[in-house]
Amino acid sequence: MATDYDTPRTRPEDEPANESLDAIRARAATTTQAPTIDLEDADTAEGIDLPGADLSHEELTVAVVPQQADEFTCASCFLVHHRSQLAREKNGLKYCTDCEG
């Protein structure tokens, strides 16, 4: 069904049409709004690091994958890229398309 967007819109009954700006501001000032926080189920107090917290007793375990045969390390940004992002090779040094772009 087609909608005519040029027709005047009707206001809900709880919102008077001729209400002054001062009345709207006064009503907004009297209503309290509690801040809402989006927390996922996985968000807990353990997941929050406070600035200056002592993390010396924590151990970080990361699996390091060695550079593959079809990858190279950029001599400018030192990131490992796929060979499809090789822009140029000069004096045995390889540069990615991001650094050469």
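This is a predicted model: local features need pLDDT of at least 70, side-chain atom pairs count only at pLDDT 80 or more; totals for chains, interfaces and linings use all residues.
**Entry 1: the chain overall**

I started with surface: the protein chain exposes about 9,800 Å², and carbon and sulfur atoms supply 52% of that area. I then looked up burial, and buried residues make up 5% of the 101 residues in the protein chain. For contacts with a separation of 6 or more, I found that residues 24 or more positions apart account for 4%.

Next I listed the secondary structure. I got two helices and four strands, and along the sequence they follow the pattern α-β-β-β-β-α.

**Entry 2: the hairpin**

I went to strands 3 and 4. Strand 3 covers residues 86-90, and strand 4 covers residues 93-96. The two pair in the antiparallel sense, over four bridges. I looked for a partner for Leu86 and found Cys96 in strand 4.

What joins the two strands? They form a hairpin with two residues between them. I checked the turn as well: Asn91 sits there with a positive phi of about 55 degrees.

A reminder I jotted down while looking at strands: in a regular one, side chains alternate between the two faces of the sheet.

**Entry 3: salt bridges**

How many salt bridges does the structure hold? I found one. Arg88 pairs with Glu100, and their closest N and O atoms are 2.9 Å apart. Arg88 lies in strand 3 and Glu100 in helix 2 (residues 97-100), so the pair ties together parts that are 12 residues apart in sequence.

Arg88 comes out partly exposed, at a relative accessible area of 33%. Glu100 is partly exposed too, with 35% relative accessibility.

I moved to the loop between strand 2 (80-82) and strand 3, which is where Ser84 sits. Is Ser84 buried or exposed? At 58% relative accessibility, I have to call Ser84 exposed.

I took one distance from there. Ser84 and Thr97 are 13 residues apart in sequence, and their C-alpha atoms are 9.1 Å apart in space.

**Entry 4: cysteines**

I searched for disulfides and the count came back as zero.

I compared the surroundings of the two by accessibility. Cys74 is buried, with a relative accessible area of 0%, whereas Cys77 is partly exposed at 30%.

**Entry 5: His81**

Last stop was strand 2, where I picked His81. Its relative accessible area is 10%, which puts His81 in the buried class.

Which side chain makes a polar contact with that of His81? I found Gln85, at 2.8 Å. Then I listed what else His81 touches, leaving out residues up to four places away in sequence. The list reads Asp70, Glu71, Phe72, Cys74, Cys96 and Asp98.

Cys74 was the buried cysteine of the previous entry, and Cys96 was the bridge partner of Leu86 in strand 4. So much for today's look-ups.

How values were computed: Residues are numbered from 1 along each chain as its sequence is written. Side-chain values use heavy atoms; hydrogens and water are left out. A salt bridge is a side-chain nitrogen of Lys or Arg within 4 Å of a carboxyl oxygen of Asp or Glu. Buried means under 20% relative accessible area, exposed over 50%, partly exposed in between (1.4 Å probe, protein chains only). Two strands pair if DSSP finds at least two bridges between them. A disulfide is a pair of cysteine sulfur atoms within 2.5 Å. A polar contact is a pair of N or O atoms within 3.5 Å; within protein, one must be able to donate a hydrogen and the other to accept it, and residues adjacent in sequence count only if both atoms are side-chain atoms. Contact means heavy atoms within 4.5 Å. Accessible areas come from the Shrake-Rupley method with a 1.4 Å probe; for residues, only the protein chains shown count as cover.
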